[in-house]
Amino acid sequence: MKERQAEHQEGWASRIGLILAVASGAIGLGNFLRFPGQAAQNGGGAFMVPYIISFLLLGIPVCLAEWTMGRMGGKHGHSTPFIFREYLKGFPLKLSGAIGVMIPVMIYVYYVFIESWCLAYAYYFLTGQMSLSATSRDGMTEIASQFFMTLTGAGQNGSSFHSPIIIFFLFCVLFNFLLVYRGLSKGLETFAKFAMPLMGICATIILVRVLTIPGIEAGLAVMWNPDWTKLTEPKVWISAAGQIFFSLSTGFGIALVFSSFLKKKDDVVLSSLSSASLNEFAEVVFGGMITIPVAFLFLGMQVTSFGTFGMGFIALPSVFGMMPGGNFFGGLWFLVLFLAAITSSVTMLQPGILFLEEGFRIGRRKSSLLLFLFTFVLCLPIIYFNKDFAALDIADFYIGTIMIYILASIQIFIFVFKIGVERGAKDANEGSLIPFPKLIQFVLKYITPWFLLFIFVSFCYMNLPEYLDKMNPEVMGLLAENQGKNVDDAKTKAMVARSVVISLFLIYGFIYFLVAKALENRKEKGVVSH
């Protein structure tokens with residue numbers, strides 16, 4: 001009974017707590033790992049032109065729409081299916097609601113594994129166990145690469161379970177659920193108020209250290225002397241829009257869920273703009289100004305050949321290995337990554353918990369335990385089939401890319417064509433400290449939906465064929481044979497990819513059934529949340 005009462009009292013203790021919680025959910029590994037990698041590979045400072053344009057045309061409008069829709073739909077409940085009940089019904093409601101529940105929960109499933117890498121690196125650096133001494137830069141990166149592959153178990157399927165990484169993984173899982181178990185205000189909000197300032201202090205210390213390295217101006221030149229010819233390449237523009245999309249957690253449905261706790265007297269316009277701006281500040285100032293200059297200074301142009309994981313867990317550890325005091329600053333940097341990751345992963349669990357609480361009247365303790373067991377079981381195949389990150393890569397593409405594009409598009413099309421921009425802006429202005437910007441209303445009405453659709457279609461055109469081929473054992477086997485690689489390994493990876501996609505369809509079907517049942521239960525009981 002006490003749990004039920006606590007559920008009805010769930011909410012935010014303060015506006016700053018809400019802003020920090022939503023920002024902490026958005027500020028994650030995409031800011032500190034993905035952004036520097038994208039910028040390095042797409043013209044350095046030139047990348048900032050399409051990046052800023054995308055922020056104005058896609059980032060800000062979608063954030064404002066999400067916060068407004070969340071508050072409007074909060075009278076029906078605080079999980080995606082019940083929020084969407086304000087705008088949809090029947091099959092579209094069940095379809096969209098199931099996507100909204102599935103995305104954050106399934107992203108958590110593989111994200112928490114990457115989170116454990118950050119914690120492990122912080123531990124090994126701070127305890128002086130990260131030995132990266134070598135006579136040359138190439139030797140340094142080779143040692144860092146071997147350490148990374150061994151620690152994460154990426155060399156062979158099943159080897160993750162024989163690596164210390166499994167201990168760090170279990171710690172991360174338990175820590176996440178401890179915070180979830182404590183609820184929004186006592187768990188996530190309290191932790192965000194502590195973790196966000198700590199993250200900022202640690203990142204500032206590292207930034208000062210980086211900017212005082214002799215010769216760092218050569219690394220900074222990559223940002224301030226951009227390769228403008230890159231702007232003629234469509235891939236750069238699509239990459240920039242995609243980065244904005246991911247860095248703001250647009251389409252995760254998290255801001256939608258969190259803003260549903262707000263009342264009419266609570267601000268949504270300034271809060272959403274503050275959250276988005278805080279995220280961009282962290283990404284550009286800390287992610288860009290630390291990683292890119294120092295990586296180029298120590299490793300030169302070879303940095304552009306590293307992917308997201310390579311930049312974060314091979315290139316940067318090599319850099320810290322060359323720096324005076326590298327163990328301390330390396331440990332501090334990976335502590336920043338861990339804090340960024342765990343504040344994001346905790347927010348990913350909240351929509352699932354809220355759905356179980358509202359849809360099936362299950363208390364927080366039981367819903368936390370059920371979600372803990374569900375996600376833990378799903379984590380195990382991702383960790384086991386980790387040779388060359390095969391399972392993780394496929395899951396991230398279909399969940400962390402395709403599905404979040406779909407959910408963001410659903411939200412925007414509802415806001416523009418179902419609610420109406422004028423009506424939405426009028427509702428957002430109630431209780432807001434600043435008015436809904438007229439310019440953003442124009443952008444939302446005439447640009448954002450079609451820009452979002454164009455980016456989605458372009459992204460699928462450029463990337464979907466490659467990922468469809470990854471599920472075909474014959475195609476991958478033939479490709480491996482032509483490249484002189486192990487054919488059996490390539491076919492095994494294709495079978496793993498196919499199994500992951502089939503599993504995702506089955507999981508979606510299961511969640512769709514739960515959403516349909518939950519909506520039916522609430523309709524029968526005539527339950528309407530405050």
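Author: Accessible area comes from the Shrake-Rupley method with a 1.4 Å probe. The model here is predicted. Its chain exposes about 20,700 Å².

Reader: Which atoms supply 67% of that area?

Author: Carbon and sulfur atoms supply that share.

Reader: What share of the chain do buried residues make up?

Author: Buried means under 20% relative accessible area. Buried residues make up 60% of the 530 residues in this chain.

Reader: How many helices and strands does the chain have?

Author: The chain has 21 helices and 0 strands.

Reader: Among contacts between residues at least 6 apart in sequence, what percentage join residues at least 24 apart?

Author: A contact is a pair with heavy atoms within 4.5 Å. In this chain, 83% of those contacts span at least 24 places.

Reader: Now a helix pair. At what angle do the axes of α11 and α19 cross?

Author: Helix α11 covers residues 234–247, and helix α19 covers residues 448–469. Their axes cross at roughly 115 degrees and come within 10 Å. The crossing is left-handed.

Reader: Next, single residues. Is aspartate 427 buried or exposed?

Author: Aspartate 427 counts as buried because its relative accessibility is 11%, and the cut-off is under 20%. This residue is in helix α17, residues 390–429.

Reader: Which residues does aspartate 427 touch, leaving out those up to four places away in sequence?

Author: Thr68, Arg71, Met72 and Lys264.

Reader: And phenylalanine 328: where is its place?

Author: Phenylalanine 328 belongs to helix α15, residues 326–360. Its relative accessible area is 45%, so the residue is partly exposed. That class lies between the 20% and 50% cut-offs.

Reader: Last, backbone angles. What is phi of arginine 361?

Author: Near 55 degrees, a positive value in a residue other than glycine. Arginine 361 sits in the loop between α15 and α16.

Reader: Where is aspartate 388, and what is its phi?

Author: Aspartate 388 is in the loop between α16 and α17. Its phi is also positive, near 55 degrees. Aspartate 388 counts as partly exposed because its relative accessibility is 38%.

Definitions and conventions:
Residues are numbered from 1 along each chain as its sequence is written. This is a predicted model: local features need pLDDT of at least 70, side-chain atom pairs count only at pLDDT 80 or more; totals for chains, interfaces and linings use all residues. Side-chain values use heavy atoms; hydrogens and water are left out. Helices (H or I, at least four residues) and strands (E, at least two) are DSSP runs, numbered from the N terminus. Buried means under 20% relative accessible area, exposed over 50%, partly exposed in between (1.4 Å probe, protein chains only). Axes are lines fitted to C-alpha atoms, for helices over the stretch in contact, and angles run from 0 to 180 degrees between N-to-C directions. A crossing is left-handed if the near helix is turned anticlockwise from the far one by less than a right angle, and right-handed if clockwise.
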